[in-house]
Amino acid sequence: MSVAACTPNSHKVKLSSIGGSQFKLPTPVADNNESDRRPALRKVDRPTLARAKKIGNTDTLDIPFFDRIVIVSLKSQEDKLEPYVSYSFPKLPGPDPSPFLPLFCFPDVHRIKEGGLVLTSTYSFVLTEVTGDKQYGYCRRVKSRDKNSTLPQVYCVITKLGSLELYNVLLDKLCELHCHSEAAVHGFLSATISLPIPAPGCKVRAKQLNHLTGRFEDVEITRPLDGARLEHVELNKLLQWLTVQQVIELFGSVLLERRVLISCSHHHLAKLSSCVAALSTLIYPLKWECIYIPILPRQMIEAVTAPTPYLIGAMTEDMPAVKRELEEDSEPLLHFDMDTSTFLRSYGDEAKLLPAKSSNMIKTELLNLIPNLRHDSEQDNAAISTVFLTLMYKLLGHYKEHLVDYQGVRELDTEPFVRNARRYLRPLVEQITDTQSFGIFAMNIGEAGDYDQFKNFTEDKVASRSQSVFSFRRTFS
């Protein structure tokens, strides 16, 4: 496994390996073709893009319901606790290809003590293969089934599909069976791994043994309606934890691929991973392609010194170690602390990253939405994401007018694309075109032919956004 690194404006960066005993930072390699804009858009090879598109199209992709489910337990070793995989379904025939998996399941292992209170919590992480393929890990921490143990265990679903709500249902069922026996868990997993991935809004059924009646019962697992884009996030939580201005400044920093560090107490791992995941989705149809670690294990703390853009969540209790790592780091960094709801370190220009007109538009619409949010993740996600999608459409929506054939390949002609952007947005559009996420977006639209990246999000819809917000308020009032 590896943590994905990205290519900033004038460097190509190799993927950083975490397969060894120590996390190694990526090494910048000079790019000798900086002056040629169109070749610069080919920073990602086409086979890698094809793999990304294949995995992203999960509505029709023939993949198992999950790749693997593990139970990660803790054992005492040399006066400290070590996480290890105590159960795996299906069982692996050889060495575990994800040696860092236990650390992501227990990123706070150094804070856990025998006899301590075990609180049930749910959080997530993302593993990125050397090929660029992503696997999502959805974790549920529970008290050990062993009555003689006071230590927690973690159920972790490893899957290629990012869908928080879908796999939360699966984890709920596993936790019900956890109190009975490992055999009950194994039987349920044997029935579910062969299930097809349901289309958005559809459901699948699995068999579960009722230990009271001794009979098998149907268990329905429903996939949210919105498809893959918003399935693994809860945007309404973002507006509970952050002010609107803070969300805008973090959005601008993620859009321009800066180094962003989010910290939160280890008591709130779900809050931390949810915040980082939500921020990464706001830039749709762009995708965060740089270093992405929702919860950083202490053993990988050196990752915060990476010279490339990153979006990392770290535990507040590890901040002294983070500060020591950053002592000789001269690169700018945006650090937001969720415990105090303050920026502890910044570039200094976050409030000006977006044009005032755009910033005011987002602020007004989000403030109008907040009183009417019903904490229904599907409805709230749709309303909140549309506010940001409106801006992204204004920034990138004219791309189809500038697709050209270049040596037999359809590509985006960047210079007229920037030149024909709205005047007040033109400087921001030009900055965006220098990001890795835009490079992949540009290649993707060339490969996708006539596919609409904004799914029919038109000028008419942009013009009627205020009416849409009014309708949303009226519907839930």
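Eleven of the 13 residues of helix H8 are buried, so H8 is largely enclosed by the rest of the structure. This is a predicted model. The protein has 477 residues, and 53% of them count as buried. Its secondary structure comes to 16 helices and 18 strands. Among contacts between residues at least 6 apart in sequence, 64% join residues at least 24 apart.

- The buried residues of H8 are Leu269, Leu272, Ser273, Ser274, Cys275, Val276, Ala277, Ala278, Leu279, Ser280 and Thr281.
- The length of H8 fits its residue count: at 1.5 Å a residue, its 13 residues should span 18 Å, and its end C-alpha atoms are 19 Å apart, which agrees.
- H8 covers residues 269-281, and the loop between H8 and strand S13 (291-293) contains Pro285.
- The peptide bond leading from Tyr284 into Pro285 is cis. Its omega is near 15°.

- H7 runs over residues 244-255.
- Its twelve residues should span 16 Å at 1.5 Å a residue; the end C-alpha atoms of H7 are 16 Å apart, in agreement.
- Eleven of the twelve residues of H7 are buried, so this helix too is largely enclosed by the rest of the structure.
- The buried set in H7 consists of Val244, Gln246, Val247, Ile248, Glu249, Leu250, Phe251, Gly252, Ser253, Val254 and Leu255.
- Glu257 follows H7 and has a positive phi.
- That phi is near 55°, in a residue other than glycine.
- Glu257 sits in the loop between H7 and strand S12 (259-264).
- Glu257 has a relative accessible area of 8%; the cut-off for buried is under 20%, so Glu257 is buried.

**Ser359 in helix H10**

- Ser359 belongs to helix H10, which spans residues 356-369.
- With a relative accessible area of 7%, Ser359 is buried.
- Ser359 is in contact with Ile248 and Leu354, leaving aside neighbours within four places in sequence.
- Ile248 is one of the buried residues of H7.

**The H4–H5 pair**

- Helix H4 covers residues 164-178 and helix H5 covers residues 182-192.
- Their axes come within 8 Å and cross at roughly 150°. That angle makes H4 roughly antiparallel to H5, because angles over 145 degrees count as roughly antiparallel.
- The crossing of H4 past H5 is right-handed.
- On the H4 side, the contact is made by Leu170, Lys173, Leu174, Leu177 and His178. On the H5 side, Ala184, Val185, Phe188, Leu189 and Thr192 meet them.
- Seven residues of this H4–H5 contact are nonpolar, two are polar and one is charged.

**Ile158 in strand S9**

- Ile158 is placed in strand S9, which covers residues 152-159.
- Its relative accessibility is 4%, so Ile158 counts as buried.
- Residues up to four places away in sequence aside, Ile158 touches Phe66, Asp67, Arg68, Leu101, Phe125, Gln135, Tyr136 and Gly137.
- Ser124 is 34 residues from Ile158 along the chain, and the C-alpha atoms of Ile158 and Ser124 are separated by 10.0 Å.

**Other backbone features**

- A cis peptide bond joins Phe89 to Pro90, with omega near -5°.
- Pro90 lies in the loop that connects strand S6 (80-89) and helix H3 (101-105).
- Ser341 is not a glycine, yet its phi is positive, at about 55°.
- The loop holding Ser341 runs between strand S15 (334-337) and strand S16 (342-345).
- Ser341 is at 26% relative accessibility, so it counts as partly exposed. Glu257, which also has a positive phi, is buried.

Conventions: Residues are numbered from 1 along each chain as its sequence is written. This is a predicted model: local features need pLDDT of at least 70, side-chain atom pairs count only at pLDDT 80 or more; totals for chains, interfaces and linings use all residues. Side-chain values use heavy atoms; hydrogens and water are left out. Helices (H or I, at least four residues) and strands (E, at least two) are DSSP runs, numbered from the N terminus. The expected span of a helix is 1.5 Å times one less than its number of residues. Buried means under 20% relative accessible area, exposed over 50%, partly exposed in between (1.4 Å probe, protein chains only). Axes are lines fitted to C-alpha atoms, for helices over the stretch in contact, and angles run from 0 to 180 degrees between N-to-C directions. Angles under 35 degrees count as roughly parallel, over 145 as roughly antiparallel, 65 to 115 as roughly perpendicular and the rest as oblique. A crossing is left-handed if the near helix is turned anticlockwise from the far one by less than a right angle, and right-handed if clockwise. Contact means heavy atoms within 4.5 Å. Ala, Val, Leu, Ile, Met, Phe, Trp, Tyr, Cys and Pro count as nonpolar, Asp, Glu, Lys and Arg as charged, and the others, Gly among them, as polar.
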